[in-house]
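Take a moment to look around before reading on.

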Amino acid sequence: MKKELLLKFEEVFGTEGDYQAYFAPGRVNLIGEHTDYNGGHVFPCALTIGTYAVARKREDKQLSFYSLNMMEKGVTVVSIDQLEYKKEDDWANYPKGVIWTMLKKGYKIENGMDILFYGNIPNASGLSSSASLEVLTGFILKNLFGLEVSLTEIALISQYTENNYNGVNCGIMDQFAVAMGKKNNAIFLDTADLSYEYAPLELDDAKIVIMNTNKKRGLGDSKYNERRSECESALADLQKVIPIKELGELSEYEFETHKEAIESPIQRQRAKHAVYENQRTIKAVQALKDNDITLFGKLMNASHISLQYDYEVTGIELDTIVEAAWKQDGVIGARMTGAGFGGCAVSIVREAAIANFIEKVGKEYKDKIGYEADFYVVEIGDGPVVL
Ligand code: GLA
C-alpha cells in the first residue's frame with residue numbers, strides 16, 4: 001500500500017523534496033450512541049481500515065489536495081491565507097478546515113503542502129471517514145511542522161472544525177476514537193470530562209461484523225441536530241427541578257423520579273434514551289470486564305431497541321438488518337452504530353457462524369429492501385501512524 005501511494009504521489013506532485021506516508025483509522029462504536037453530546041459514556045474502537053495520505057511541505061504558501069477516491073475533481077489548490085469554506089472545494093474542505101482551526105488556535109503553520117489522500121472506509125457508511133480525514137490532517141501537520149499538539153487536542157480541533165467550519169454539530173466520540181485508537185482495545189470514554197480507559201476486547205471465538213445497509217444518510221445531519229436540541233430542551237426542563245449540567249449525570253432511578261418535569265412527551269423519550277443508553281454503556285463495559293459476553297450482547301440489542309423506539313434514529317434498513325442478525329445462530333449482539341438514519345450496524349458473531357450469518361442476513365435484507373447489504377469482518381487497530 002505504502003509503495004503504491006508514494007508512486008501515485010510522485011505521479012501527481014513530482015519527486016522533489018521529502019515526502020512521507022501516513023494513516024489514520026475509521027471507527028465503529030460498540031455501544032453508547034447519541035450519548036456523547038449529553039455528557040455520557042461511549043465505547044468505540046478504531047478500525048484497521050481508514051485514510052492514507054502522502055504529504056510534503058512546500059516552500060511557498062500553496063496547499064494542494066488530491067484524492068484517489070475523487071480523481072475526477074483533480075487537484076484542489078488554495079492558499080494558506082485563504083481557507084474559508086467553499087462549497088466547490090467539496091471534500092477538500094475537511095483538510096482545509098483543520099488547517100483553518102489550527103491557525104485560528106495559534107499553531108504556527110507558515111508553509112503550504114502537497115497532500116495525496118486515499119481512503120478505504122466505505123463512503124457515507126457511518127464509520128467516520130470524515131473524522132479519519134480530519135484527524136489525519138492534524139497528525140500530518142503535527143509531524144510536518146513539529147507542532148506541540150497532543151492526539152486528544154487533535155481530536156478536539158477536528159471536532160471544532162466539524163462544528164464551526166463544516167456545520168455539523170457532532171460530539172467528540174468519532175474524532176476521539178480515531179485519534180486515540182489502540183489495537184485490540186475499545187475506548188471507554190466519559191465525554192463529560194474526556195477521561196478514558198482502554199478495555200481489551202476479548203471476544204473468545206467471536207468477531208466484529210459490520211453490516212452496511214448501503215442506505216446513505218441523506219437527511220441525517222438535520223435530524224441529528226434536531227435530536228441534539230430535543231435533548232437540550234429536556235435538560236432545561238429537568239434543570240428546573242434538579243441541579244444537573246448534563247443528562248449523563250442521571251441514573252435511571254433519578255430520571256424516572258424527575259421525568260415529569262420534561263413537558264414534551266417526545267423530548268422525555270429522547271432524554272430517556274440518553275440516560276438509559278449511558279447506563280447501558282457503563283454496564284456493558286463491566287460485563288466485558290467480567291468476561292460476560294452474553295450480557296454485553298444483550299445490552300447491544302437493548303441499545304438498538306431504544307434507538308429505534310425512543311430515539312427514533314434507525315429506519316427500515318437498519319431495523320431490517322439488525323432484526324435479521326438477531327435471528328441467526330452464533331450472534332452475540334447486534335445494533336445500529338453511529339448517527340443512524342442509514343449507514344452501518346455492528347454485530348458480534350461467533351467465528352464459525354460468520355459465513356452462514358452473512359449469507360442469511362444478506363438474503364433477508366435484499367428480499368425486503370431490494371438491494372444488497374455489505375459485510376466486513378473487521379479488526380481493531382491503532383490510532384494515527386507514520387508509515
Ligand atoms: C455521529 C457523531 C458522534 C455521535 C454519534 C451518535 O457519529 O459524529 O459525535 O454523536 O453520531 O452516537
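Is Asn214 buried or exposed, or partly exposed? Asn214 is partly exposed, because its relative accessible area is 25%, where buried means under 20% relative accessible area, exposed over 50%, and partly exposed in between (1.4 Å probe, protein chains only).

Before going further, a word on how to read this report. This is a predicted model, in which local features need pLDDT of at least 70 and side-chain atom pairs count only at pLDDT 80 or more, while totals for chains, interfaces and linings use all residues. Residues are numbered from 1 along each chain as its sequence is written, and side-chain values use heavy atoms, with hydrogens and water left out.

You will find Asn214 in the loop between strand 9 (206–212) and helix 6 (220–238); helices (H or I, at least four residues) and strands (E, at least two) are DSSP runs, numbered from the N terminus. Most residues other than glycine have a negative phi. Asn214, however, has a positive phi near 60°. Asn291, which is not a glycine either, has a positive phi of about 65°. Asn291 belongs to the loop between helix 8 (265–289) and helix 9 (293–309), and Asn291 counts as exposed because its relative accessibility is 51%.

**Around the ligand**

Now turn to the ligand. Its surroundings are formed by Arg27, Glu33, His34, Asp36, Tyr37, Cys170, Gly171, Met173, Asp174, Tyr224, Gly338 and Ala339, each with a heavy atom within 4 Å of the ligand. This shell divides into 5 nonpolar, 3 polar and 4 charged residues. In this scheme, Ala, Val, Leu, Ile, Met, Phe, Trp, Tyr, Cys and Pro count as nonpolar, Asp, Glu, Lys and Arg as charged, and the others, Gly among them, as polar.

Polar side-chain atoms of Asp36, Asp174 and Tyr224 each lie 2.6 Å from an oxygen atom of the ligand. A polar contact is a pair of N or O atoms within 3.5 Å. On its own the ligand has 300 Å² of accessible area, and the protein covers 95% of it; such areas come from the Shrake-Rupley method with a 1.4 Å probe.

Next, here are some pairs of residues, with their separation along the chain and their C-alpha to C-alpha distance.

| Pair | Apart in sequence | C-alpha distance |
|---|---|---|
| Glu379 and Cys45 | 334 residues | 9.5 Å |
| Gln159 and Phe176 | 17 residues | 8.7 Å |
| Pro384 and Leu103 | 281 residues | 21 Å |
| Arg56 and Ser132 | 76 residues | 19 Å |

Where do the residues named at the start of each row sit? Glu379 is in the loop between strand 12 (374–378) and strand 13 (385–386), and Glu379 counts as partly exposed because its relative accessibility is 39%. Pro384 also has its place in the loop between strand 12 and strand 13, but Pro384 is buried, with a relative accessible area of 9%. Gln159 is part of helix 4 (residues 151–164), and with 15% relative accessibility Gln159 counts as buried. Arg56 lies in strand 3 (residues 44–57), where Arg56 is buried, with a relative accessible area of 6%.

Conventions:
A polar contact is a pair of N or O atoms within 3.5 Å; within protein, one must be able to donate a hydrogen and the other to accept it, and residues adjacent in sequence count only if both atoms are side-chain atoms.
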